[in-house]
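Q: I have a structure to look at with you. Could you take me through it?

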Amino acid sequence: MTAREEAKKLGLTDLEFDEILKILGREPNYLELSLYSVMWSEHCSYKNSKPVLKRFPTQGPQVLQGPGENAGIVDIGDNLAVAMKVESHNHPSAVDPYQGAATGAGGMIRDIFTMGARPIALLNSLRFGCLCDDRTQYLFEEAVAGIGDYGNAMGIPTVGGEVYFDDSYKENPLVNAMCVGIIKHDKIVRGKAAGVGNSVMVVGAATGRDGMHGASFASGELSDDNPDQGSPMQVGDPFKEKQLMEACLELLQNDWVVGVQDMGAAGVVSSTCETAARAGSGIELDVALVPQRDKDMKPHEIMISESQERMLVIVEKGHEDDVKKIFKKWDLDAVKFGTVTDDGMLRILENGKVVGEVPAASLAEGVPIVKRESKRPVYMDKLQIDFSKIPVTDDLNEVLFKLLDSPNIASKAIVYRQFDQTIGTNTVVAPGSDAAVIRIKGTKKGIAVSVDGNGYYCYLDPYEGGKQIVAEAARNLVVSGAKPLALTDGLNFGNPEKPEVYYQFEKCVDGISEVSKKLNIPVISGNVSFYNEGKFSAVYPTPIVGMVGVLDDVNKHCTMNFKKQGDLVVLLGENTDELGGSTYLQEVLNITAGPAPRLDIELEKKVQTCCLKAIELGLVNSAHDVVQGGLAVALAECCIAGNLGFSGEIETDLRPDTLLFGEGQSRIILSLPEENLSVLNKLAKEIGVKTSVLGFVKSGGLNIQVKQREQVVGKIEVSTERIAEIWNNAIKRRIEK
Amino acid sequence: MNCAVIQFAGSGGDGDCYHVCKNILGQPVEYIFHKETFAAQDFDLIILPGGASHGDYLRPGALAARSKVIKSVIDAANAGKYILGIGNGFQILLEAGLLPGTMLINKDLKFYSEDIFVRVENNATPFTNLYKNGEVIRLTVACKYGNYYADKKTMEQLKTQNKIVLTYCDINGNAAEASNPLGSMENIAAIANQEGNILGLMPHPERCAEEILGNTDGIRMFQSILQYVEGGKIHDCSRRS
């Protein structure tokens, strides 16, 4: 077989092979080809997405580390900072949901402690097919157990997340994990292989033949054809990772540590070439020195294996034994297998003999960028309908029951009950509210974190959908009393070679960028996952956004549950005539139709400013934003969470179903003592936001009367007990049938 | 009161226990690494924290119970020092033979993390003397292997000797089946040894010790020990942070 044919078999294109010839000035050998094939895969190189990702705003005075490192870092004041990142593990989770999800969490955690930060919280964002499908139930239960067992064994609380079910994810579930860590400004470590003569070490687990070509596997569509290149699956060992984390955090206290990098996708090769490229240096290494757990491993296997729980450590020459001592305490290996050079080359030796040699930067950054064609999908125009032709449903109680019974709206306690939410004794608001709140020991501060996505809105309108996600994530922090600071994104799409998919990708990024810029919440890290397609369908375009905000006084945090009978319930923002994209249309009436709700960024900004200020001033007892299921579901959630009720009459020009179940944006429900209303109104007027009193908190039931010109045109009358029962058991009853 | 928190390989709740002893109780506290030993006279209270030592491999607590430090823990127990095993720490005490019985996987085979209610069955212990008998308190559980099991003879002994200290119950103190989500025999949440100086419990009192975390029911367990050690002096430090 010629080198060109071999390159093709490894997934490299003709154009890429020509580029390699140009870089090397000769034909590559098999080892070198393997290195390029994994490093130039979409998963490692972002060759399909780079030009578009440049549109993200990544700057801001609060940003200490933007994209390009293991994780992004944002300042929270008092010399403290938060490291955060989202990463996907979609394809492995489709094949082996337990290990796929577990190692996804594991990789994410490593990215955080690699920066020197101690992980303090995990979140996850999960997408599966319909729960009516047996295989989906298996994927769902195993993925949740896999994420849970890994995080639980690591002693890191899982404080939040989201789960959605839709047929588009049936073949290709999405598993995104997010990790948040805390670090002092002066302790930030970066992944650089600087200083000629410094030692390059591998620490942690031994290397085996697991996860071979995992990065390439993640960069193609899922199929039943198994590549005969060893298993692309990785197997996680959270105990080893816990030891590795403690050892690394101890190691990173020393100023003779030059750089650290996680050995994630593409293992040894990615960590060495990326650290060398960042420092403008080279690395010479001997694969025979890497501890191995499989017999007779070939140089290319050692270079590209994705065995878990390993790290690359670069230390000043002469400190190798200090590293070994620390790792021995934690029962881990630490072995020097290379040296930093100044010639820019990644030189690979086997028992002292050179077996491969390529410019490090060409692997890390030299991939030819692919300019993809982008085309507006035709389906988008077909999804617009005339809503006046849809009759208003008479039984609005029944609609509410159906919505609360939707797994996409119902309680996710069955999921997060499997996650340790409180280890670390920092969890102030646990999963189940709009965002989690975590206190920072030794300060008055807290942070709020959330992860959000809405693939359905993005399917209907990628641009508006992208905008909405950032707005919603920020709103979730604001209703918890936190000022949003920065975001990390997980961009999950189908095959980017299809112009319609690329259009979705571009427009979602544009939407995210637009709101991120206007709300001053820069993008500081992220992940792109393409090729999320099965034989029959592509997933909804599903960008997800993880966001962190700060509370200067954690005691002032706010939650969504109604607290006190007699409190007034006030809507911040306005009800709009929007029924498109609603869960009501899609799941109750079985109509998939847009337009997705529009986001007015200026209005959103004002609503958030007003809400945050009201919480800071201590005016309100609860705050909750209106999202899936609309106003009625949001009120029901406040009642269920507080085990209280609501009574109110709402005067409107809108159809009752639009008013109750439409998903118009930029709306927040507040409850507050009556005597605080005038201060709130004054504040809202100054900022330029409308407020309206919806009703009051009472015991026992949810009663809403919708009125048009004094006439009752629709009503909801249900007991809190009944709606809580439906909402609590919706997922459980589907699984346990 | 001199406190020690043992750090087993893979302990996760060590920092939480350290934090409570130091910052909430205001007592001197030290970490003891599992590869070290210590002298019994150096400490009054020795805490075996929660987590997943050795990744729960083999059986939870089984490998940690063979750590070097365990010999010192046994010496301290024999010297009458107070030993508190929480979650995984309870499992280690069982595996080390310091408490009777064993832990099975939870009845629904899943990790279970939630606030639950427990009833105080015996307040005549160094760990519970600030609670009332029959009092219902709220604590957090977070475990996969919290389903306590003992053979008939052991169970009889626990009962006749009044060594069942806490049991799972509903908010009104009734031992309903739904209030025992882990499936524990006789709803057992905590037991003590015959001498009464060792307590193992599955819920996490150290996570329920501060207003900001929404629950202070657990701090009284630590205050109870402190009062016992310091001879009747009650420290009101639940609001310190």
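Q: At what angle do helix 3 and helix 11 of chain A pack?
A: This is a predicted model, in which local features need pLDDT of at least 70, side-chain atom pairs count only at pLDDT 80 or more, and totals for chains, interfaces and linings use all residues. Residues are numbered from 1 along each chain as its sequence is written, while chains are lettered from A and ligands numbered from 1 in the order in which they are written. Helix 3 (residues 30-39) and helix 11 (residues 267-279) of chain A pack at about 80°, with axes 10 Å apart. Axes are lines fitted to C-alpha atoms, for helices over the stretch in contact, and angles run from 0 to 180 degrees between N-to-C directions. Helices here are DSSP runs (H or I, at least four residues), and strands are E runs of at least two, numbered from the N terminus.

Q: Which residues of the two helices meet there?
A: A:Leu35, A:Val38 and A:Met39 of helix 3 meet A:Val269, A:Ser270 and A:Cys273 of helix 11. Being in contact requires C-beta atoms, placed from the backbone, within 7 Å.

Q: Now chain B: how many helices and strands are there?
A: Chain B has five helices and eleven strands. Its C-alpha trace spans about 40 × 40 × 35 Å along the principal axes.

Q: What part of the contacts in chain B joins residues 24 or more positions apart?
A: Such pairs make up 75% of the contacts in chain B with a separation of 6 or more.

Q: How many residues does each chain give to the contact between A and B?
A: Chain A gives 26 residues and chain B gives 23 residues. On the side of chain A, helix 8 supplies the largest share, five residues.
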